[in-house]
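Keep the sequence and the model in view while reading.

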Amino acid sequence: MAHVGARIENPIAGESLTFVSTCEDGSTTLVCDITTVAGAPGPPEHMHPSSSELFEVHEGAITVELDGVLHTLESGQSLTVEAGVPHKFASHPELDGRTRVTFDVPGRIEDQLVTFSELARAGRLSADGRPSMQQVAVTFSQLADDTRATVAPWPAQRAMFAVLAPVGRLRGLKPFYAWGELN
């Protein structure tokens, strides 16, 4: 879904992302440069069951909440979030930032990033960056090994996906969207 040099934007999360290394281009890792706007919320808390995520701040600053502890990373600093650890990141409240993010076992994270940016671009996310529950079920049922929300235990999420994903698919929702696909 993405190739080296492709740039996508998520206006709700307050970020733009440029792909540096992608699975589509044959890499075994996913590397993205993410530019964040001061005070933007970033994505909701989540975890990656199979992949660690390395944040390397090149300019400005970001915050990373890792297992409930808030870390402020400034230019030249880095932090690795190990696989399976709940986390979220956001812009620094007062500084824009440019951060390189690397996933060592990306699975379909590349597709997820493009999809959520496309949903935001098309106005299909709430003000806090969340899609409809049916879209969550359709997309995240395909991402079990790659990304999981942390709002409920995994067995409860799987049960919800089993009920809502078929309904969402019947309504025409797809698990993944290409950049520019939605009206």
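The paragraphs below take up the cores, the helices and then selected positions.

This is a predicted model, in which local features need pLDDT of at least 70 and side-chain atom pairs count only at pLDDT 80 or more, while totals for chains, interfaces and linings use all residues. Residues are numbered from 1 along each chain as its sequence is written, and side-chain values use heavy atoms, with hydrogens and water left out.

In soluble globular proteins, nonpolar side chains tend to be buried together. A nonpolar core here is a set of buried Ala, Val, Leu, Ile, Met, Phe, Trp, Tyr and Cys residues joined through side-chain atoms within 4.5 Å. Buried means under 20% relative accessible area, exposed means over 50%, and partly exposed is in between (1.4 Å probe, protein chains only). Helices (H or I, at least four residues) and strands (E, at least two) are DSSP runs, numbered from the N terminus.

The largest nonpolar core has 22 residues, and the members that touch the most others are Leu 17, Phe 19, Leu 30, Cys 32, Phe 55, Val 64 and Leu 73. Two or more residues of this core come from each of strand E2 (15–21), strand E3 (30–36), strand E5 (53–66), strand E7 (78–81), strand E9 (97–103) and helix H1 (109–121). Strand E5 gives the most, with five residues. A second, separate core has 17 residues, among them Ala 137, Phe 140, Phe 161 and Leu 173.

Leu 73, from the largest core, can be followed through its contacts, where contact means heavy atoms within 4.5 Å. Neighbours within four places in sequence aside, Leu 73 is in contact with Phe 55, Val 57, Gly 60, Ala 61, Ile 62, Val 64, Ser 78 and Leu 79. Leu 79 is placed in strand E7 and, at 17% relative accessibility, counts as buried. Leu 79 and Val 64 are 15 residues apart along the chain, and their C-alpha atoms are separated by 8.5 Å.

The helices come next. Two packed helices are described by the angle between their axes and the distance between the axes. Axes are lines fitted to C-alpha atoms, for helices over the stretch in contact, and angles run from 0 to 180 degrees between N-to-C directions. Angles under 35 degrees count as roughly parallel, over 145 as roughly antiparallel, 65 to 115 as roughly perpendicular and the rest as oblique.

Helix H2 (residues 133–140) packs on helix H3 (residues 154–170) at an angle of about 105 degrees, with the axes 7 Å apart. H2 and H3 are therefore roughly perpendicular to each other. From H2, Met 133, Gln 134, Val 136, Ala 137, Val 138 and Phe 140 meet Met 160, Phe 161, Leu 164, Ala 165, Val 167, Gly 168 and Arg 169 in H3. These residues divide into 10 nonpolar, two polar and one charged, where Ala, Val, Leu, Ile, Met, Phe, Trp, Tyr, Cys and Pro count as nonpolar, Asp, Glu, Lys and Arg as charged, and the others, Gly among them, as polar.

H1 and H2 pack at about 160 degrees, with their axes 12 Å apart, which makes H1 roughly antiparallel to H2. Gln 112, Thr 115, Phe 116 and Leu 119 of H1 make the contact with Gln 135, Thr 139 and Phe 140 of H2. The residues of the contact of H1 with H2 are three nonpolar, four polar and no charged.

How much of H2 is buried? Seven of its eight residues are buried, namely Gln 134, Gln 135, Val 136, Ala 137, Val 138, Thr 139 and Phe 140. The buried residues of H2 pack against H1, strand E10 (148–149) and H3.

His 71 is in strand E6 (residues 69–74) and is partly exposed, with a relative accessible area of 27%. Residues up to four places away not counted, His 71 touches Ile 62, Thr 63, Val 64, Leu 66 and Leu 79. Glu 45 lies in the loop between E3 and strand E4 (46–47) and is partly exposed, at 28% relative accessible area. Glu 45 and Ala 149 are 104 residues apart along the chain, yet their C-alpha atoms are separated by 6.5 Å. Beyond neighbours within four places in sequence, Glu 45 is in contact with Pro 86, His 87, Lys 88, Ala 149 and Thr 150.
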